[in-house]
Every structure is written in structure tokens, then in C-alpha cells.
Amino acid sequence: MGAGAVRTGEPIMSYISKKRLCIGLIAGTLMLSAGGFAPVSAQEIPNDFSAIVRQKLPAVVAITTRQIIQDQTTLNDFLDPFDSHGPLQQQVREALGSGFVVSPEGYIVTNNHVVADAAEIHVVFSDKETAPARLVGRDPETDIAVLKVDPRPNMTTTAWGDSDAMQPGAWTIAIGSPFGLGGTVTVGVLSARSRDIQSGPFDDFLQTDASINRGNSGGPLFNARGEVIGVNTAIVSPSGGSIGIGFAVPSRTARSIVDQLISTGRIERGFIGVRLQEVTPSIAESLGIAGIKGALVASVEAGSPAQQAGIQPGDVITRFNGKDIQGVHDLTLAAASQKPGSKATLTTNRGGTQQELSLTVGQRKDEEVQTGAVPNPGTGDQRLGLSLRAIPDEARQQLGLQPGTTGVFIQQVAPNSLAAQSGLKPGDVIVSANNLKVTQPSDVREEWAKSRQQNKPILLRIERQGQSLFVAVSSF
């Protein structure tokens with residue numbers, strides 16, 4: 001992320017015995033009005049959620065995977081240069097997650113990080129029967145994947161709800177298999193919408209305080225009617241456990257991705273061909289525009305839809321298809337959600353003059369997704385308690401890193417240091433500090449020094465055994 005935040009899938013060996021456990025679920029009655037989804041009134045809120053749990057229990061599954069890792073070098077070779085063990089030719093890594101059935105044909109939704117690179121995938125139903133699953137398709141950008149099992153008689157399915165109709169304070173119900181404990185139901189409220197946790201270019205998460213932990217990845221987040229309004233995928237946690245800040249991919253996004261994966265096995269995203277940056281007060285002043293809302297066009301790709309429409313570097317895009325654009329993230333989401341070949345209208349501010357432009361949306365390719373930021377300078381400090389180095393190329397596969405992952409490798413953690421007390425471990429890979437990408441040890445030291453000067457914790461995003469999590473380290 002499952003999780004950057006903690007991706008809530010987790011290696012089985014760390015948290016549960018080899019006994020496979022089943023998982024519960026929750027769902028309810030679909031209620032529609034002539035205009036779409038009807039709001040839930042106080043009278044419709046149940047005294048408890050037991051009826052919903054009983055009704056949809058068979059539709060939520062636990063997911064177990066096996067990944068075969070072949071490497072000439074073990075992780076111990078990097079943690080202990082004097083280790084006498086020989087090279088390991090093959091390793092098997094098992095992981096656990098959750099999922100839910102979305103059609104009687106046997107299609108199951110889960111997280112991409114639960115099944116990525118898996119050699120074997122099995123699902124465990126609520127009656128403890130296990131079935132092999134085939135990967136239909138996956139989308140790393142939104143962390144959604146679709147599996148297929150042979151249909152079972154009278155297979156129970158879940159129903160999608162309307163995530164856009166959810167308001168902060170509404171009931172949310174998370175179902176999954178945290179730490180291998182199948183059939184776990186937790187209840188809370190929607191804490192916020194449209195959260196960007198810096199885990200990818202299309203972050204648009206629902207935030208809930210319903211308890212979500214490792215192993216919940218891919219499980220459904222329900223509303224009070226038992227409709228799926230999110231796919232649980234990540235948490236923020238200094239310790240790796242739930243602190244009441246969990247994130248789910250909204251059903252608006254998940255349903256679109258799932259439908260595309262089932263019908264074609266791949267994802268189409270809109271592309272307009274601009275590189276963007278945020279509008280700062282000084283930039284706004286220099287461009288002669290009022291306010292800092294909108295996305296500044298830093299460059300335009302040759303031959304792109306944007307160039308053909310007449311968009312120029314220095315333009316500030318303030319509206320897209322009639323919706324206000326507050327910043328870069330808004331425009332990235334808006335453009336990517338468009339079907340390639342469709343028409344779009346944009347409002348730009350060029351030197352204080354508003355313009356309306358039309359373009360034909362193109363097809364986004366993975367390499368066209370631009371992310372990242374440049375760290376600010378600072379001064380070093382050694383009291384963090386970490387020994388850092390570049391990521392060893394030979395260990396990338398065993399560390400569970402995706403191709404192209406950048407960061408710094410934690411070689412050693414000083415005993416009783418601030419880093420050790422915060423749960424950092426040798427073998428962790430720091431990918432960002434205070435939400436800024438890091439590529440060398442000095443980047444981490446600089447952000448640590450800045451955090452200490454501001455009397456606040458440093459927020460590190462790390463990769464650990466294929467899982468992503470945030471760790472906050474405080475010096476006070």
C-alpha cells in the first residue's frame with residue numbers, strides 16, 4: 001500500500017500457524033430510489049449488524065498465495081557479511097489476504113499486492129472449503145486484482161454501493177482475515193473522503209476508523225445497507241497494527257477497474273499529454289493570476305492531445321469537464337478516468353485570461369505516469385540510529401521490491417535507538433521521508449534534521465517483504 005501506508009496483506013508465517021482459516025463477511029439489502037441510491041435514515045440503521053453478517057457470510061473469502069523466489073543470494077548476506085550459510089537457490093513465501101465474490105460466475109475482487117507474482121492462489125470460503133483461483137487481471141496503480149474460481153452452487157455475491165454518496169460520519173463495516181483470524185467484523189465510521197496518501201498517482205481513498213489490520217487487504221468495506229463501498233487496502237501505523245486510520249479504494253474506482261479486468265483483462269486510462277506542477281503563491285503572482293487553484297502546465301508532450309488542443313506551458317488548468325481542479329492530483333484523476341477517444345473540455349488561465357479548449361482523450365501508458373518530488377536541503381544528524389546504503393541489486397527480488405523501486409536500504413538498526421523503538425528493522429527499504437522520495441542516505445538525514453528543527457516526527461514510508469507502511473520516528 002496494501003497499504004504509502006501499510007499494505008494490509010501479510011506473510012502467513014509471521015502471524016498465523018499453517019492452519020488455514022476462513023473469513024466472514026457482511027452485506028445487506030440494496031435500496032434504490034428513482035434517482036439512484038437512497039440516503040440511509042436513522043430508522044434504517046440496525047441495532048446491530050448480525051443480520052447483515054449472516055446474510056452475506058459466504059461471499060467473503062480468505063486468499064492464500066505462494067510465491068517461488070529464486071536467487072543466488074539470501075538477505076542474510078547483506079545483513080551479516082560473516083554469515084556462513086551458503087546461497088539459497090529457491091524460497092517459498094506464503095501470504096494471506098482477503099477478497100469478495102462479485103458475480104455468480106466466480107469472479108472475486110482482492111488487492112493487487114495480495115496476489116502479485118504469486119505462483120499459486122487459493123481462496124478459502126466461509127465453510128472452510130478451499131478452491132484454486134486463476135488471476136484474471138490486476139491493476140498495480142489502483143491496487144485492484146480480479147480472480148476466477150469455478151462457480152459453486154448458489155454462490156452468494158456482494159453488491160456494489162455508491163462511494164460518492166458516503167459522507168463522513170456514516171457507518172462503515174470492514175470484513176476480512178486480519179492476522180489469519182477469519183470471519184473478523186469491525187465497525188466504525190467514514191472518517192474522510194478523497195485521501196491522497198502518496199502511494200500512487202491515482203490515490204483517492206476512503207478513510208475509515210473501522211479496525212483494519214494485516215490480512216484485511218482486499219476485503220470489502222460496507223455501508224449500513226451491506227453494499228460494498230470500498231476495497232480495504234492500507235493503514236497508517238507506527239507499529240504495524242491498527243490505530244484507527246485505514247484506507248479503502250472507493251467503489252467508484254474499484255467497480256470500473258473490476259469491470260474492465262473482467263471484460264478485457266486490461267485497463268484503459270485517459271491521457272492528455274501534459275506534465276504538471278502545483279501553483280504556488282509566487283508562481284501565481286508571476287503568471288498574473290489570482291489564487292493558487294488549478295494545475296500548472298510545466299510542459300506539453302509533442303503530438304499529444306494537449307498540444308493538438310492548443311495547451312501551452314504556463315497555462316493553468318482550472319476546470320476539466322465542468323469540474324473544478326484544485327491541484328495536480330485532481331487533474332490526474334480526472335484525465336485518467338476518461339475513456340480513450342472521448343471528448344473533454346478544459347478551462348485554462350493564460351496570463352489572467354480564461355480560455356475554453358476541447359480535446360480528444362488519448363490512451364495512457366504506464367510509462368507516462370509521472371510521480372515524485374525533489375527533497376529540500378537540510379543538515380545531517382546521526383541520532384536516528386540507522387546505517388543506510390543503496391539498495392543491493394542482488395537482493396531486490398528477495399526484498400519483494402517492484403521493478404523500478406527507488407529508496408535506501410536499512411543495513412543496521414542501533415539497539416535501543418529511536419529507529420529501533422519505532423519498529424524499523426534491518427532489511428527495510430525507505431522509499432520516502434516526509435512524503436518526499438529518497439534515493440540516497442543523505443536524503444533521509446536531511447529530512448530527519450528538518451523534522452527535529454520543526455519539533456515533529458519524521459514520517460518514513462518503507463517497503464518490508466512486499467508490504468508498504470508508514471513509520472513515524474520522534475525525537476521527543
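Reply: Happy to! Two strands count as paired if DSSP finds at least two bridges between them. Please keep in mind that this is a predicted model.

Me: Thanks! With that rule, how many bridges join S28 and S29, and in which sense do the strands pair?

Reply: Pairing needs at least two bridges. Strand S28 and strand S29, the latter covering residues 436-437, pair over 2 bridges, and the sense is antiparallel.

Me: Over how many bridges does S28 pair with S30?

Reply: Strand S30 takes in residues 458-464. Its pairing with S28 is antiparallel, and the number of bridges is 4.

Me: What about S27: which residue in S28 is the bridge partner of Phe-409?

Reply: S27, residues 408-413, pairs with S28 in the antiparallel sense over 2 bridges. In S28, the partner of Phe-409 is Val-429.

Me: How many residues of S28 are buried?

Reply: Buried means under 20% relative accessible area. S28 spans residues 429-433 and is mostly covered, with a buried count of 5 of 5.

Me: Which residue takes a positive phi in the hairpin of S28 and S29?

Reply: The hairpin has 2 residues between its strands. A phi near 55 degrees is found there at Asn-434.

Me: Which residue just after H10 has a positive phi?

Reply: Within H10, several residues are buried, including Trp-448 and Ala-449. Just after the helix, a phi of about 55 degrees belongs to Asn-455.

Me: Is Asn-154 buried or exposed?

Reply: Asn-154 sits in the loop between strands S11 and S12, and its phi is positive, about 55 degrees, although it is not a glycine. The exposed class starts over 50%. Asn-154 has a relative accessible area of 78%, so it is exposed.

Me: And which class does Ser-194 fall into?

Reply: Ser-194 lies in strand S13 and has a positive phi of about 55 degrees without being a glycine. Its relative accessible area is 48%, so Ser-194 is partly exposed.

Note on methods: Residues numbered from 1 in each chain as written. Predicted model: local features only at pLDDT ≥ 70, side-chain atom pairs only at ≥ 80, totals over all residues. Heavy atoms only, no water. Buried < 20%, exposed > 50% of the residue type's maximum accessible area, 1.4 Å probe, protein only.
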